[in-house]
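Here are my notes on this one, as promised. Have the model open while you read.

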Amino acid sequence: MTLQQHFCQCVWLIGAMAGLSGCLSLERAAPPVEQLKGTEGVAERLNLAMARDIYITRCAQCHEVKPVTEHSLPEWEAILPKEAEKAHLNAAEAESVRAYVLQVLRNGPAPEVKALDKGKGQL
Ligand code: HEC
């Protein structure tokens, strides 16, 4: 193998690792809808997927993507109206984000993702 080929392989590997860890932490903070149990309906999944998009974009304009499981349901009920207003969400968008948060709290990410979270100690 030439030196150049070797270099390319290293760059590719580092890139792949960085990309993977980036995805993993976002997946932990805001689990993709396909990881949530109990969301079989097409319309529900679409709505939740749209809500997650809002959550990881418009809700991350001022701060990082806040891990959903960092707050309990009662905490979220107090936080969401304030934050939805900050993000200028309309009523439908705010309701969708609320549904997404509820779904993550109730049906959680897949068990292996939860296990990773525990290993980390904090999120
Ligand atoms: C206009 C800026 C802005 C937008 C948009 C925004 N936030 Fe925030 N948010 C803040 C600030 C400022 C704080 C307080 C500092 C911090 O905790 O980072 C905060 C705090 C939070 C907290 C922690 C609250 C606590 O009491 O510990 C959560 C959770 C949160 N935001 C979620 C969201 C969600 C969900 C959305 C989208 C609906 C959102 N934020 C949109 C500015 C914003």
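**Notes on the model**

1. Start with the kink: H3 bends by about 35 degrees at Ile-79, shortly before the proline Pro-81. The bend is the angle between axes fitted to the seven residues ending at a residue and the seven starting there. Helices here are DSSP runs (H or I, at least four residues), numbered from the N terminus.

2. Before going on, remember that this is a predicted model: local features need pLDDT of at least 70, side-chain atom pairs count only at pLDDT 80 or more, and totals for chains, interfaces and linings use all residues. Numbering runs from 1 along each chain as its sequence is written.

3. H3 is hardly covered, with one buried residue among its 14. Buried takes 20 or more other C-beta atoms, placed from the backbone, within 10 Å of a residue's own. Just after H3, His-88 has a positive phi of about 55 degrees.

4. H3 (residues 73–86) also gives the shell around the ligand its largest share, four residues. Of the 15 residues around the ligand, Cys-59, Cys-62, Glu-83, Lys-86 and Ala-87 come nearest; near means a C-beta atom, placed from the backbone, within 6 Å.

5. Now the largest nonpolar core: 15 residues, with Tyr-55 and Val-68 among those with the most contacts inside it. Such a core is a set of buried Ala, Val, Leu, Ile, Met, Phe, Trp, Tyr and Cys residues joined through C-beta atoms within 7 Å. H2 (42–57) and H4 (91–107) each supply at least two of its residues, and the largest share, four residues, comes from H4.

Note on methods
Buried ≥ 20, exposed ≤ 12 C-beta atoms within 10 Å, placed from the backbone.
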